[in-house]
Amino acid sequence: MRKDVLSPEGRRVYELLMSKRDYSLPYHELFCMTDPEVLERYDQFYSALTLAGRALDDKTKELVWAAILIASREAEGTLHLRRGLRCGLTSEEYGEALQLTALAEGSGALEFVHRHWEADYLNRPGTAALYADMLTRICAGSRLEPGVRELILIGSYTALERPEGLALHIIRAKAAGVS
C-alpha cells in the first residue's frame with residue numbers, strides 16, 4: 001500500500017492493522033484511504049469475533065476456518081493456514097479437515113439419491129448408513145478430538161448451505177461435549 005496517499009489518520013490505522021495482522025486486504029486499503037474510522041471499528045469487531053480467545057482454542061478456530069474456506073472455494077484464505085501452522089497445526093490435521101469437508105460436499109450426492117432413488121432402487125444399506133460408514137472411516141485413527149471434527153463439519157455444512165448436515169452435526173457436537 002502506498003502510504004503517501006493516506007491521511008495521517010489513515011496511516012495510523014493502517015500501521016495498527018499491519019502490526020496486528022501482518023497483511024492487508026483490498027478493502028482494508030480502501031477504507032484507509034476513504035474512512036479510516038470505519039476500518040478501525042471493523043478491525044475491533046473482527047478482532048473480538050475471530051482473533052480473541054473465546055470458546056475455541058486457536059488450533060480449532062483455524063481448522064474450522066480452513067473447512068469454511070475450502071467449502072466456499074476461497075483461495076485468498078491462506079492467512080488462516082499460516083495462522084494455524086504458527087499455533088502448531090500440522091499438515092496431517094489440515095488433511096483431516098479436508099477429508100471432513102470433502103465428505104460434507106459429497107453428502108450432496110447422498111442427499112440426491114435419498115430424495116430420488118433410495119426408496120425404489122437403493123434402500124440397502126441406505127444413504128444414512130453409507131454416510132455414517134464414510135464418516136467412521138474418515139475418523140478412524142483421527143488425531144482430532146470428536147468435538148473438533150464436529151465443529152469442522154458444522155463449518156463445512158454452514159458454508160455449503162446444507163441444513164440437513166448442519167442439523168445432524170450440531171446434535172453430534174452436543175453429544176461430543178461441545179457447548
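Predicted model: local features only at pLDDT ≥ 70, side-chain atom pairs only at ≥ 80, totals over all residues.
Two residues are in contact here when heavy atoms of each lie within 4.5 Å. S156 belongs to helix α8, which covers residues 146-160. Its relative accessibility is 0%, and because buried means under 20% relative accessible area, S156 counts as buried. Which residues does S156 touch, once its neighbours within four places in sequence are left aside? The partners of S156 are A67, A71, T101 and A104.

The protein holds nine helices and zero strands, and its pattern along the sequence reads α-α-α-α-α-α-α-α-α. The C-alpha trace spans about 70 × 30 × 25 Å along the principal axes. The radius of gyration of the protein is 20 Å, whereas a compact globule of 179 residues would have a value near 16 Å. Of the 179 residues, 36% are buried. When contacts between residues at least 6 apart in sequence are considered, 60% of them join residues at least 24 apart.

Helix α1 comprises residues 8-21 and helix α2 residues 26-34; the two pack with their axes 8 Å apart, at an angle of about 155°. Since angles over 145 degrees count as roughly antiparallel, α1 and α2 are therefore roughly antiparallel to each other. Their crossing is right-handed. On the α1 side, G10, Y14, L17 and R21 take part, and they meet H28, E29 and C32 of α2. By class, the residues of this contact between α1 and α2 divide into three nonpolar, two polar and two charged.

Helix α1 also packs with helix α3, residues 36-51; here the axes come within 9 Å and cross at roughly 15°. An angle under 35 degrees counts as roughly parallel, and α1 and α3 are therefore roughly parallel to each other. The crossing of α1 and α3 is left-handed, whereas that of α1 and α2 is right-handed. From α1, the contact with α3 draws on E9, G10, R12, V13, L16, L17, K20 and R21, and from α3 on P36, L39, E40, D43, Y46, S47 and L51. Seven nonpolar, two polar and six charged residues make up the contact of α1 with α3.

Most residues other than glycine have a negative phi. R73 has a positive phi of about 55° although it is not a glycine. With a relative accessible area of 57%, R73 is exposed, because the term applies to values over 50%.

A second case occurs further along the chain. What is the value of phi at E161? Phi of E161 is near 55°, again positive in a residue other than glycine. E161 is found in the loop between α8 and α9 (163-175). Its relative accessibility is 69%, so E161 counts as exposed. S156, by contrast, lies in α8 itself and is buried.

Definitions and conventions
Residues numbered from 1 in each chain as written. Heavy atoms only, no water. Axes fitted to C-alpha atoms, helices over the stretch in contact; angles between N-to-C directions. Helix = DSSP H or I, 4+ residues; strand = E, 2+ residues; numbered from the N terminus. Parallel < 35°, antiparallel > 145°, perpendicular 65-115°, else oblique. Left-handed = near helix turned anticlockwise from the far one by under 90°. Nonpolar A, V, L, I, M, F, W, Y, C, P; charged D, E, K, R; others polar. Rg over C-alpha atoms; globule rule 2.2 N^0.38 Å. Buried < 20%, exposed > 50% of the residue type's maximum accessible area, 1.4 Å probe, protein only.
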